[in-house]
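Me: I would like to learn how to read a structure like this one. Please show me the features one at a time.

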Amino acid sequence: MGDPDRGVYKYKIKRSRIKWLQMGDKNSRFFHLTKIQRKQRNQILKLKDKEGVWKSESKEIAGIIKNHFQTLYEAPPPDLEDIFSLIEPK
């Protein structure tokens, strides 16, 4: 059986597309309100740091994001035992 929440979600997506087709192509109030709403939804207003403290300054948020991705893509220290186990002695 399908997830009922997923069905509701799909229904809402279809309804929003219908509304957009009816009203969105006009240079209308609907179009501008939709654009403003999307811009507000795409903003990060506050973010938790590693210690669990909420930060709301844009420079602090940028630092949290930068540190997250730096540690995410940092090379892990090599485990030489794993490497040596792959080499067959002669």
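This is a predicted model: local features need pLDDT of at least 70, side-chain atom pairs count only at pLDDT 80 or more; totals for chains, interfaces and linings use all residues.

Me: How many helices and strands are in the protein chain?

Reply: Elements are DSSP runs, numbered from the N terminus: helices are H or I of at least four residues, strands E of at least two. Here the protein chain has four helices and two strands. Read from the N terminus, the order is α-α-β-β-α-α.

Me: What does the radius of gyration say about the protein chain?

Reply: The radius of gyration is taken over C-alpha atoms, and the globule rule is 2.2 Å times the number of residues to the power 0.38. For 90 residues the rule gives 12 Å; the protein chain has 24 Å, well over that, so it is more spread out than a compact globule. Along the principal axes, its C-alpha atoms fill a box of roughly 75 × 45 × 25 Å.

Me: What percentage of the residues count as buried?

Reply: Buried means under 20% relative accessible area, exposed over 50%, and partly exposed in between (1.4 Å probe, protein chains only). In this chain, 8% of the 90 residues count as buried.

Me: Which residues make the nonpolar surface patch?

Reply: Patch members have over 30% relative accessible area and no salt bridge; nonpolar side chains (Val, Leu, Ile, Met, Phe, Trp, Tyr) are joined within 5 Å, like charges within 9 Å. A salt bridge is a side-chain nitrogen of Lys or Arg within 4 Å of a carboxyl oxygen of Asp or Glu. Here Ile44, Ile65, Phe69, Leu72 and Tyr73 make a nonpolar patch of about 520 Å². Take Leu72: it belongs to helix α3 (residues 58-72) and is partly exposed, at 46% relative accessible area.

Me: Which residues gather in the patch of positive charge?

Reply: Lys and Arg count as positive, Asp and Glu as negative; His and chain ends are not counted. Each charge is placed at NZ of Lys, CZ of Arg, CG of Asp or CD of Glu. The positive patch gathers Arg6, Lys10, Lys14 and Arg17. Lys14 sits in helix α1 (residues 4-23) and is exposed, at 57%. Over the chain, the 20 positive and 12 negative charges have mean positions 20 Å apart.

Me: Where is Asp79, and what separates it from Trp20?

Reply: Compare sequence spacing with C-alpha spacing. Asp79 is in the loop between α3 and α4 (80-86) and is partly exposed, at 44%. Asp79 and Trp20 are 59 residues apart along the chain, with C-alpha atoms separated by 55 Å. Lys14 and Lys59 are 45 residues apart in sequence and 38 Å apart in space. Gly7, in helix α1, is 39 residues along the chain from Lys46, and their C-alpha atoms are separated by 31 Å.

How values were computed:
Residues are numbered from 1 along each chain as its sequence is written. Side-chain values use heavy atoms; hydrogens and water are left out. Accessible areas come from the Shrake-Rupley method with a 1.4 Å probe; for residues, only the protein chains shown count as cover.
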